[in-house]
Amino acid sequence: MKRLSVLLCIITLGVFIIANTAIAQTSFSVPPKAYPANVPFKCDAGVDSYWHVTSITCTGRANGGYKFRIKGTARKTSRSMSIDLFYLMPGNRIMTAGAYYFPNIEEGKPFSFEIVSAFTGYAPSKFNGFFISSEVLQRILLNEQEKAKSTSDNSSTRKFGMPITKRSDTEQESAKPKESPNKVYKSTDEKIEKQPEFPGGSQAFMNYISKSIRYPWICKEQKIQGDVLVGFIVEKDGSVSNVTVYKNIHANLDTEAVRIVKSSPKWKPGTIDGEPVRIQMGVYVKFRL
């Protein structure tokens, strides 16, 4: 696991994840008054990146429960996979509905399949819809985003070869490598005369977090807690970039920690010789129930 070699500050924060959302109505009762009946639903970003669900309808009774038809369009090709379903309950609570196999899908093509859920005696008589989630797909999506960011950074710094010619002593002296203007400094580099600062200081950063936090439903239901270590760069203009998770806890918690840091307002950039520079920072985002 990658670690930050140097951290300027380790800030204790409480944080909460909102999944990609698609809602047809505000609630669903069983049995419905008529069939087919539209069912509200939410999908986390991992599931949505493969099975882009566009509708869920209840089509009737089956095996002590109810049949639900799930339709959508595949964003990527994937084999059949077990996906977790939860009932969305009042007060942002979730209740386990079960694990269901989603079918093989091919990128760009529609899919339609049925599951049987909401079994009598096990399911609530009324709920706010389904929450569809997969920690595996959340983790895959997070890794893909990190790889894409790394590839972009590498491509922007590539150098192409040039013919080598004999140079005079003066030319050789002037041709000595100079420090790149895009260099990233570690927060404890002795050259830094002024460290990056969130407007108002550390306490203001914590206040910003407290107003933005959302706890992932699935993690709250399963009582998952922990500290996510997030690294990021404060750019010369004070914006935040290259937000990366260095210590994983749970895909949903990791994604929320990244979201919080990415959406941070601009910082006051750090400086060297009075000029703003790019500086690597780090923060522990603490999830507690």
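**Close-up views of a predicted model**

**View 1. Valine 184 meets its partner in β17.** Arginine 278, in β17, is the bridge partner of valine 184. The strands β12 and β17 pair in the parallel sense. Three bridges join them.

**View 2. An open sheet of four strands.** The strand order is β12-β17-β13-β14, and the pairing is mixed. At the edges lie β12 (184-186) and β14, each pairing on one side only. On average, neighbouring strands of this sheet are turned by 35 degrees against each other, direction ignored. Helix α6 packs on the sheet and touches β13, β14 and β17. The direction of α6 makes about 155 degrees with that of β14.

**View 3. The largest nonpolar core.** This core holds 36 residues. Val230, Phe232 and Trp267 touch the most other members. Several elements supply at least two residues each, among them the strands β7 (81-89), β13 (226-234), β14 (240-247) and β17 (278-287). A second, separate core has 34 residues, including Val30, Phe113, Ile115 and Ala118.

**View 4. Phenylalanine 232 and its contacts.** Leaving aside neighbours within four places in sequence, phenylalanine 232 is in contact with Val240, Ser241, Asn242 and Val243, among others. Its contacts also include Val261 and Trp267. Ile279, Gln280, Met281, Gly282 and Val283 are on the list too.

**View 5. Phenylalanine 130 in strand β11.** This strand spans residues 130-133. Phenylalanine 130 has a relative accessible area of 1%, so it counts as buried. Leucine 85 is 45 residues away in sequence, yet the two C-alpha atoms are 6.5 Å apart in space. Beyond neighbours within four places in sequence, phenylalanine 130 contacts Val39, Pro40, Phe41 and Lys42, among others. Further contacts include Leu85, Phe86, Tyr87 and Leu88. Ile56, Phe68, Ala97 and Ser117 also touch phenylalanine 130.

**View 6. Isoleucine 94 beside tryptophan 217.** Isoleucine 94 sits in strand β8, residues 93-102. Its relative accessibility is 4%, so isoleucine 94 counts as buried. In sequence, isoleucine 94 and tryptophan 217 are 123 residues apart. In space, their C-alpha atoms are 6.3 Å apart. Leaving aside neighbours within four places in sequence, isoleucine 94 is in contact with Trp217, Ile218 and Glu221, as well as Phe86, Tyr87, Leu88 and Met89.

**View 7. Serine 78 in a loop.** The loop runs between β6 (65-74) and β7. Serine 78 counts as buried because its relative accessibility is 10%, under the 20% cut-off. Not counting residues up to four places away in sequence, serine 78 touches Tyr50 and Trp51, and also Pro103, Asn104 and Ile105.

**View 8. Two buried cysteines.** Cysteine 43 has a relative accessible area of 4% and is buried. Cysteine 58 is buried as well, at 0%. A disulfide is a covalent bond between the sulfur atoms of two cysteines. With a cut-off of 2.5 Å between cysteine sulfur atoms, the count of disulfides is zero.

Terms used: Residues are numbered from 1 along each chain as its sequence is written. This is a predicted model: local features need pLDDT of at least 70, side-chain atom pairs count only at pLDDT 80 or more; totals for chains, interfaces and linings use all residues. Side-chain values use heavy atoms; hydrogens and water are left out. Buried means under 20% relative accessible area, exposed over 50%, partly exposed in between (1.4 Å probe, protein chains only). Contact means heavy atoms within 4.5 Å. A nonpolar core is a set of buried Ala, Val, Leu, Ile, Met, Phe, Trp, Tyr and Cys residues joined through side-chain atoms within 4.5 Å. Two strands pair if DSSP finds at least two bridges between them. Axes are lines fitted to C-alpha atoms, for helices over the stretch in contact, and angles run from 0 to 180 degrees between N-to-C directions.
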